[in-house]
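Thanks for coming. I will talk about the inside of this protein, cavities to begin with and then the nonpolar cores.

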Amino acid sequence: MSFPELPQPAPGEVLLVCTCYKDGEALWGGLIDGIGGRREGDALILGGGVRLRLVEGRGWDHLHGGNVPALVPGGGPVPPVVVLADISVVYGGDGPLLVDLAVMPGRGVRVPPARLGEILAALLSGALAFEDLVRNMDVYGMYQGDGGRPAFPTPTVPPLRSFPALPSTDVALLVRTSFDDEDGWRALLDELGGADEDSWVGADLDPDEIDPEHYPLTALVVDDRAFEGLGPGQVPVLVPPTEHTTLVALADARTFAEPGRPLTVVDLYDTPGQSAVLPCRQVGSMACNLEISNMDFHEFVAVEGTVPWWEG
């Protein structure tokens, strides 16, 4: 899947891109009314002087946050943020998705519609940084939301270097990001059923041997030092848009230091770059439930001060 280039925003202007369509018609849900502001043609003038430009076009149907940085036009200044009105806004009543373009391009945070003008004005003036949004989001990915604090907050440290694109797949990716424990890495692969000659775990499962309580993970394994130190926030932009990758699980330093060999799983859709930390034996069940839309990513994010669902 390819997407057209986004228009170049004017100075002080922020793009609000509709990514949800039915019969070719842009769907905004109740977002425009929820944002408020004064309408001027294809723009909303919000508090703080922010001009929010409404962008429609079927070519951006199903555009995700991680896809956005590649669509920014060259030859002009890169805007600090783009806002998406996606399927979660239209059908789930969620807040619009702010996509970072400045520090970790492709990661996202949701904000309450009524506060969009205030938050954008603060971002554009430098009074608020995208890291502040990420540090203060709840388990739903909402900035200053009341859904509870994540037990394992998503890191906000900017990357020290760039990373290559990840492989394209329509299932899951298991990416090694820590290379200090070779025995631990082999033990992890063994616990997941072992990797075959094509670098897959769980590709040739016998349905009669599957434990539904610990559904095995089917994933393409990426064992490449080019991804050493890769963090959750950098992941969404590296996932090619050609396939609907279910999730990316990172085998990081925590994996080889803590019981249960926990993996850091990265959301690619609801709040791109948000992470959930789960024992490796639970990631297969997570992938299965996400693939069939039986559960949402936030349901796997452990809440601070409570017992995670897999220990209940």
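How much space lies in the largest cavity? About 50 Å³. Keep in mind that this is a predicted model. Searching the whole structure gives three cavities of 30 Å³ or more.

The residues lining the largest cavity are Val134, Arg135, Met137, Arg149, Pro150, Pro153 and Thr154. Sorted by class, that lining has four nonpolar residues, one polar and two charged.

Next, the second largest cavity, with a volume of about 40 Å³. Its lining includes Arg107, Gly108, Pro155, Gly233, Pro272, Gly273 and Gln274.

Now the cores. The largest nonpolar core has 33 residues, and those touching the most other members are Leu16, Leu52, Leu98, Leu120 and Leu133. Which elements give two or more residues to this core? They are the strands β1 (13-18), β6 (51-55) and β7 (81-85), and the helices α1 (31-35), α3 (116-125) and α4 (130-135). The most comes from α3, which gives six residues.

Take Leu52 as an example. Leaving out residues up to four places away in sequence, Leu52 touches Val14, Leu15, Leu16, Ile35, Asp42, Ala43, Leu44, Leu46, Leu116 and Leu120. Apart from this core lies another one, of 27 residues, with Ala172, Trp185, Val221 and Val283 among them.

That is all from me.

Technical notes:
Residues numbered from 1 in each chain as written. Predicted model: local features only at pLDDT ≥ 70, side-chain atom pairs only at ≥ 80, totals over all residues. Heavy atoms only, no water. 1 Å grid on protein atoms, 1.4 Å probe; cavity = no way out; pocket = protein on both sides within 12 Å on 5 of 7 lines; lining within 4 Å. Points joined across faces, edges and corners; volume = space filled by probe spheres on them. Nonpolar A, V, L, I, M, F, W, Y, C, P; charged D, E, K, R; others polar. Core = buried A, V, L, I, M, F, W, Y, C linked by side-chain atoms within 4.5 Å. Buried < 20%, exposed > 50% of the residue type's maximum accessible area, 1.4 Å probe, protein only. Helix = DSSP H or I, 4+ residues; strand = E, 2+ residues; numbered from the N terminus. Contact = heavy atoms within 4.5 Å.
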